[in-house]
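Biologist: I have a model open and would like to learn how to read it feature by feature. Could you take me through it?

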Amino acid sequence: MTSGIHHITLITRKVQLNVDFYAGFLGLRLVKRTAGYEDAAQLHLFYGDALGAPGSLVSFLVWEDGAPGRVGHGQPSEIAFAIAPASIGFWLTRALQQQIAMSGPTQEFGEPVLRLKDPDGVIVKLVGSNDLGATAPWTTPDIPAEDAIRRLRGATVLTEKPQETAAFLETHFGFSQTAATDSIRRLTSASRDIIDVRDAGGFWTAAPGTGTIDHIALRAEDETAVRAVHRALDAAGSGEISAHDRKYFYSLYVREPGGSLFELATDVPGMLIDEAEGTLGTELFIPPHFQSDRSDIRVALPQFSMPGEPRMTARDLPFIHRLQQPENPDGTTLVLLHGTGGNETSLLQLGNQIAPNATLLSLRGRSLDEGFPRFFRRLTNLSFDQAEIISEAEAFAAFVEGAVEGYGIDLSKTLFVGYSNGANMLGAVMLLHPGLIRQAALFRAMNVLETIPGGDLTGTKVLMTTGAQDPYAPYTPALEKNLINGHAAVENTLLNTGHELSLQDVSVTKTWLAEIGF
């Protein structure tokens with residue numbers, strides 16, 4: 001009978017650091033990269049052994065630059081990989097050489113354990129275990145086969161209800177208690193995988209976010225076995241249960257009495273269903289119901305390089321940002337500034353539609369308006385925080401200077417694109433820092449400065465698009481006038497739309513760029 005752990009899913013904040021740790025430092029194989037089934041802009045990575053076999057897999061939902069979560073009861077707190085007991089010394093030395101946060105080795109239930117922290121702060125244990133089972137370890141040039149990670153060893157779950165949590169796993173998923181301490185009940189499957197149920201009574205509750213473990217997936221032989229467990233869970237009144245076909249496995253999700261999310265996933269069809277063993281993990285897979293938007297989805301997903309591949313190192317600049325490089329760059333760049341409530345991903349698809357071969361550099365505003373990102377605060381519908389506009393414009397100018405140096409951007413081949421609040425920000429920047437921006441496309445913009453400096457904008461080319469039904473349209477001419485008074489070349493196009501963006505913005509911008517020879 002199939003038993004044990006299928007995979008463990010976590011949430012990461014920085015995809016490149018994640019790849020560098022799990023594929024680079026730990027030497028796991030990246031066996032699958034997919035867009036999300038519910039949210040296509042959600043990148044999902046799977047690492048595992050050479051075959052991507054169940055029992056070796058750890059996966060990550062990429063919430064790039066997302067808010068950190070909080071480890072607490074109602075959530076797993078640690079993951080563990082199995083290595084040969086004699087390999088503890090190899091990994092201790094490797095961690096010291098690569099300056100990986102580490103403690104140990106210590107003894108846990110008679111096994112040597114080295115505790116590491118991944119880039120998100122998740123505790124990753126390397127456990128010297130003789131219960132390795134059949135494995136196909138993935139080897140790299142700097143990790144000998146005998147020292148390579150074999151498979152998952154297990155995980156630790158924090159719960160305020162240790163007895164109920166343990167009983168749930170024993171009753172429905174084939175684990176049994178094999179050892180205990182004052183605070184931990186060790187549950188073991190027939191395949192020798194372990195789940196340590198830790199009493200976290202009095203500890204704070206978990207909060208979802210980056211740097212946390214989302215769920216533990218347990219193994220089932222096939223869909224028939226999953227459906228049988230589903231019926232048993234229903235009969236036991238186990239609460240909300242959902243079932244999904246995830247292409248690589250069929251699974252159900254349920255929460256144990258202490259609140260931790262568990263999945264039951266089938267071993268079949270597995271990771272080799274759409275890639276050959278030799279090319280496993282090299283292609284991006286997008287669920288069928290999102291295939292019509294493939295180009296837009298691809299540009300919205302965070303990019304990364306595998307260890308040893310060329311990469312553009314992310315720079316520490318004043319604004320959180322996303323840099324997206326096209327397959328065939330033409331030397332141009334689009335700098336994208338979102339509207340109220342957007343973020344650094346909001347205009348990526350628009351930018352790709354305007355200039356498919358341009359590098360996209362998209363920012364997240366640092367100000368918050370009722371919890372939503374903006375580039376400066378709005379006091380009323382028509383008045384704005386002047387001091388913040390000036391200070392954020394200075395920060396933006398510093399960002400641009402840093403991007404020129406750090407990413408090699410040529411401002412003569414850069415188009416600055418803003419929508420709504422982002423367009424207003426670009427309008428203010430042009431007036432406050434003349435000469436910084438040479439080409440700009442402003443969608444649904446208005447003037448936000450109360451005092452207009454008299455800078456020279458000679459040589460600056462500006463496209464403005466205004467929605468005929470936009471309630472803010474009457475306030476656009478003031479910004480247009482200010483830019484023209486500074487000797488900028490301005491073209492303002494009236495579109496049959498409201499404040500929202502439309503495909504007309506794309507077509508008008510592409511035509512304008514061709515006219516100015518961009």
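Predicted model: local features only at pLDDT ≥ 70, side-chain atom pairs only at ≥ 80, totals over all residues.

Biologist: Is β7 mostly covered or mostly open?

Modeller: Mostly covered: 5 of the 7 residues in β7 (residues 111-117) are buried.

Biologist: What is the strand order of the sheet that holds β6, β7 and β8?

Modeller: Reading across, the order is β6-β7-β8-β5-β9-β12-β11-β10, an open sheet of 8 strands with mixed pairing. To find the edges, look for strands that pair on one side only; here they are β6 (102-108) and β10 (176-180). Neighbouring strands are turned by 25° against each other on average, direction ignored. Further along, β11 (residues 184-188) and β12 (residues 194-199) pair in the antiparallel sense over 5 bridges, with arginine 185 opposite valine 197.

Biologist: Now for the other open sheet, the one of 7 strands: what is its order?

Modeller: Its order is β18-β20-β19-β25-β26-β27-β28, with mixed pairing. β18 (321-324) and β28 (489-495) each have a single partner strand, so one side of each is left without a neighbour in the sheet. The twist averages 15° from one strand to the next. For a parallel pair, look at β26 (residues 439-443) and β27 (residues 461-467), joined over 5 bridges; alanine 441 has leucine 463 of β27 as its bridge partner.

Biologist: Which strands does helix α8 touch?

Modeller: Helix α8 (residues 421-432) packs on this sheet and touches β19 (333-337), β25 (414-419), β26 and β27. The direction of α8 makes about 130° with that of β25. Helix α10 (residues 503-516) packs on the sheet as well, touching β25, β26, β27 and β28, and the direction of α10 makes about 160° with that of β27.

Biologist: How should I read the nonpolar cores?

Modeller: The general idea is that in soluble globular proteins, nonpolar side chains tend to be buried together. Here the largest nonpolar core has 66 residues, and those with the most contacts inside it are Tyr22, Leu26, Tyr47, Phe81 and Leu218. Helix α1 (residues 15-25) gives the most to this core, with 6 residues. Take leucine 26: leaving aside neighbours within four places in sequence, its contacts include Phe81, Trp91, Val124 and Ile149. Apart from this core lies another, of 43 residues, among them Leu337, Ala397, Leu426 and Val462.

Biologist: What domains does the assignment give for the chain?

Modeller: It gives domain 1 (5-285) and domain 2 (316-516), whose C-alpha centres lie 43 Å apart. From a separate record, the unreviewed UniProt entry carries the annotation "domain: VOC" over residues 4-129 and 151-267. Residues 4-129 are 17% helix and 44% strand, with end C-alpha atoms 16 Å apart. For residues 151-267 the values are 21% helix and 44% strand, and the end C-alpha atoms are 15 Å apart.

Biologist: And how many helices and strands are there in the protein chain?

Modeller: There are 10 helices and 28 strands. Of the 518 residues, 56% count as buried.

How values were computed. Residues numbered from 1 in each chain as written. Heavy atoms only, no water. UniProt positions renumbered as here; feature names shortened; annotations may be inferred. Helix = DSSP H or I, 4+ residues; strand = E, 2+ residues; numbered from the N terminus. Domains from an automatic or database assignment. Pairing = 2+ DSSP bridges. Axes fitted to C-alpha atoms, helices over the stretch in contact; angles between N-to-C directions. Contact = heavy atoms within 4.5 Å. Core = buried A, V, L, I, M, F, W, Y, C linked by side-chain atoms within 4.5 Å. Buried < 20%, exposed > 50% of the residue type's maximum accessible area, 1.4 Å probe, protein only.
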